[in-house]
Amino acid sequence: MPKNSKVVKRELDDEVIESVKDLLSNEDSADDAFKKSELIVDVQEEKDIDVEEESEVEDERPAWNSKLQYILAQVGFSVGLGNVWRFPYLCQKNGGGAYLLPYLILLLVIGIPLFFLELSVGQRIRRGSIGVWNYISPKLGGIGFASCVVCFFVALYYNVIIGWSLFYFSQSFQQPLPWDQCPLVKNASHTFVEPECEKSSATTYYWYREALNISSSISASGGLNWKMTICLLAAWVVVCLAMIKGIQSSGKIMYFSSLFPYVVLICFLIRALLLNGSIDGIRHMFTPKLEMMLEPKVWREAATQVFFALGLGFGGVIAFSSYNKRDNNCHFDAVLVSFINFFTSVLATLVVFAVLGFKANVINEKCITENSKMIIKFLKMGNISQDIIPHHINLSAVTAEDYHLVYDIIQKVKEEEFSALHLNSCQIEDELNKAVQGTGLAFIAFTEAMTHFPASPFWSVMFFLMLVNLGLGSMFGTIEGIITPVVDTFKVRKEILTVVCCLLAFCIGLIFVQRSGNYFVTMFDDYSATLPLLIVVILENIAVSFVYGIDKFMEDLKDMLGFAPNRYYYYMWKYISPLVLLSLLIASVVNMGLSPPGYNAWIEDKASEEFLSYPTWGLVVCILLMVLAILPVPAVFIIRRCNLIDNSSGNLASVTYKRGRVLKEPVNLEGDDASLIHGKISSEMSSPNFGKNIYRKQSGSPTLDTAPNGRYGIGYLMADMPDMPESDL
């Protein structure tokens with residue numbers, strides 16, 4: 001006891017009395033057994049344990065320094081590279097501005113409700129994904145393990161993309177940029193342009209040959225690319241140093257990594273709007289093609305983008321929210337982060353198409369100049385009569401409008417012979433209609449556009465630094481989705497686990513920095529996450545809505561938030577979201593079955609991409625990635641359903657939680673599951689922080705029992721365990 005033991009003892013006695021009053025005020029009138037029970041307060045004046053320490057058990061878990069830091073972490077995790085190079089592509093492909101309507105509808109139907117669900121369970125239970133689903137249903141504990149496996153798979157190749165961005169960032173401090181012009185090759189007799197570059201373009205050549213030094217197929221390893229190996233190592237070192245102290249270290253970095261991309265996007269938008277052709281790009285982007293909204297493919301791709309844009313199923317959302325206070329308004333957080341994500345995608349789309357509009361205008365001007373020279377040549381040769389050319393048009397300095405007028409006249413006059421002239425219409429829309437996404441957008445199309453910018457090295461540095469920050473924000477959430485559940489479950493040191501995880505990921509990630517590594521990135525991106533994550537989120541929804549009970553969950557939310565969530569969420573979680581997710585899963589499986597498994601290989605001789613099918617071993621790897629990601633779900637279910645592992649053996653199945661500590665329970669007793677904190681395992685129930693031991697003896701009752709739900713929806717643990725030391729309660 002502290003020195004002022006009498007004062008502390010008086011306070012503790014008052015606390016016990018108040019706690020008993022709370023219990024009796026919450027007594028269920030129908031609970032006859034409870035009325036007959038005898039409440040015994042064990043007052044022990046001399047204990048070696050410090051009461052003040054006991055009162056701080058709940059505070060042992062780290063917490064965010066501020067609400068802003070937490071919001072930035074969630075925004076940084078959800079806003080990633082996909083917002084910059086996936087969303088604009090889908091907008092262009094699926095009807096321009098019309099695509100925003102199905103996206104918004106699906107954001108309201110599956111995005112916000114499922115994001116709110118993950119935030120709620122993480123904040124309520126204050127554990128990572130493994131602990132959360134163990135609490136709700138131990139038999140579905142494999143959901144958390146599956147999330148960790150998927151996070152690990154995604155982290156393996158996602159950090160490779162950050163490594164690519166670091167490489168381009170390091171190469172951007174040159175004037176002119178190294179991908180501005182095709183390299184020259186010298187031989188004994190003369191100098192000529194590199195044939196592979198001449199057939200493609202300077203930026204395409206630099207990406208495939210200088211950066212990746214890519215092989216012609218996935219089977220041709222070609223050895224390690226040492227430049228990309230160093231960049232991958234640097235990326236993992238940055239992630240490791242940022243995550244080694246958990247949210248204490250990564251949280252501070254969020255201020256920069258989450259906010260800097262917005263500064264760059266706004267600067268790019270302002271700069272691009274001052275360039276010729278940018279308005280054409282934006283107009284092309286948001287010209288709605290309403291007829292495309294009737295195509296099921298548009299809705300499927302919109303649902304998939306909503307699903308992955310918010311980071312559902314990874315465990316990062318749950319991990320970050322688990323460091324919140326239990327009374328935090330996570331409903332507000334869910335709506336805020338979801339709409340920030342949406343408006344970020346729209347902002348990125350404006351920037352991308354403003355820049356691509358400028359690039360299309362530059363290419364179009366070059367096209368007009370070259371074709372005008374061809375027309376002048378045809379006029380001199382007599383293939384085209386000078387009389388058909390309007391007198392006010394000067395072909396030596398022709399505008400786009402005048403060129404299109406001349407082109408239309410020649411096409412009408414030389415109707416039969418026109419194809420032999422090989423003239424190009426040079427329409428800016430033709431260039432804008434070329435769908436570009438992913439690495440093709442970031443490392444080829446955008447880099448080419450920036451070579452035409454004034455002060456191009458500055459803009460290149462800013463752009464690739466933005467990509468690095470966007471990638472790191474998502475990586476922090478992905479790694480947190482691995483580290484937090486494992487630390488919560490097995491109580492290993494976070495620093496050691498972080499270093500081991502990053503070191504292991506770097507070693508495995510070496511397959512992505514071979515000369516054939518880009519093809520493995522494609523494989524992992526296509527098969528390691530899509531279906532497994534869909535299955536994980538469907539099971540999460542089912543676990544809360546049907547296994548645990550949607551009515552109890554809504555009551556828990558009311559206790560936690562201080563207000564009842566709108567009934568809209570009740571119907572979404574119970575009926576609409578599961579149906580939409582199942583439909584999306586079926587559509588994804590069908591689409592995957594109809595699409596031949598393969599990849600786009602870069603063929604050096606042709607200087608172009610060619611679709612190749614995976615070899616037999618590649619197909620086996622694709623199947624293994626999906627199976628390994630989802631395997632923990634049936635494995636844990638069978639183990640716990642059939643009691644294949646003895647709970648008293650100190651193994652994985654017997655690891656549970658109690659007030660932030662790991663306990664191993666010899667007996668798996670069924671407890672009262674009237675609140676979210678009550679799991680199916682007795683040790684998972686939260687005990688009150690009374691400062692004294694409170695026991696309730698009841699004749700004919702099991703050794704372990706629970707009182708009615710407390711006013712905070714957590715419930716009190718009442719146990720007849722006289723031999724247990726106070727420090728274990």
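Biologist: Let's begin with a glycine: in which helix is Gly76 found?

Modeller: Before that, a word on the source: this is a predicted model, where local features need pLDDT of at least 70, side-chain atom pairs count only at pLDDT 80 or more, and totals for chains, interfaces and linings use all residues. Residues are numbered from 1 along each chain as its sequence is written, and side-chain values use heavy atoms, with hydrogens and water left out. Helices (H or I, at least four residues) and strands (E, at least two) are DSSP runs, numbered from the N terminus. Gly76 sits in residues 67-78, and that stretch is helix H4.

Biologist: Is Gly76 buried or exposed?

Modeller: Buried means under 20% relative accessible area, exposed over 50%, and partly exposed in between (1.4 Å probe, protein chains only). Gly76 has 6% relative accessibility, so Gly76 counts as buried.

Biologist: Which residues is Gly76 in contact with, leaving aside its neighbours within four places in sequence?

Modeller: Contact here means heavy atoms within 4.5 Å. With those sequence neighbours set aside, the partners of Gly76 are Ser258, Leu470, Gly473 and Ser474.

Biologist: Which residues does the UniProt annotation "binding site" cover?

Modeller: That label comes from an unreviewed UniProt entry. UniProt positions are given in the numbering used here, feature names are shortened, and annotations may be inferred rather than shown by experiment.

Biologist: How many disulfides does the structure hold?

Modeller: A disulfide is a covalent bond between the sulfur atoms of two cysteines. The cut-off used is a pair of cysteine sulfur atoms within 2.5 Å. One joins Cys182 to Cys197, S to S 1.9 Å, and Cys367 and Cys426 form another, with their sulfur atoms also given as 1.9 Å apart. The count is 2.

Biologist: Why is the disulfide of Cys367 and Cys426 called left-handed, and what is the torsion?

Modeller: Cys367 lies in helix H17 and Cys426 in the loop between helix H19 (418-421) and helix H20 (428-432), so the pair ties together parts that are 59 residues apart in sequence. Cys367 is buried, at a relative accessible area of 15%, and Cys426 is buried too, at 2%. The disulfide is left-handed because the torsion about its S-S bond is about -75°.

Biologist: Last one: what do the buried residues of helix H14 pack against?

Modeller: In H14 (residues 278-286), the buried residues are Ser278, Gly281, Ile282, His284 and Met285. Seen down the axis of H14, they fall within an arc of 160° (taken from the directions from the helix axis to the C-beta atoms), so they line one face of the helix. Their packing partners are helix H6 (87-93), helix H13 (247-273), H17 and H20.
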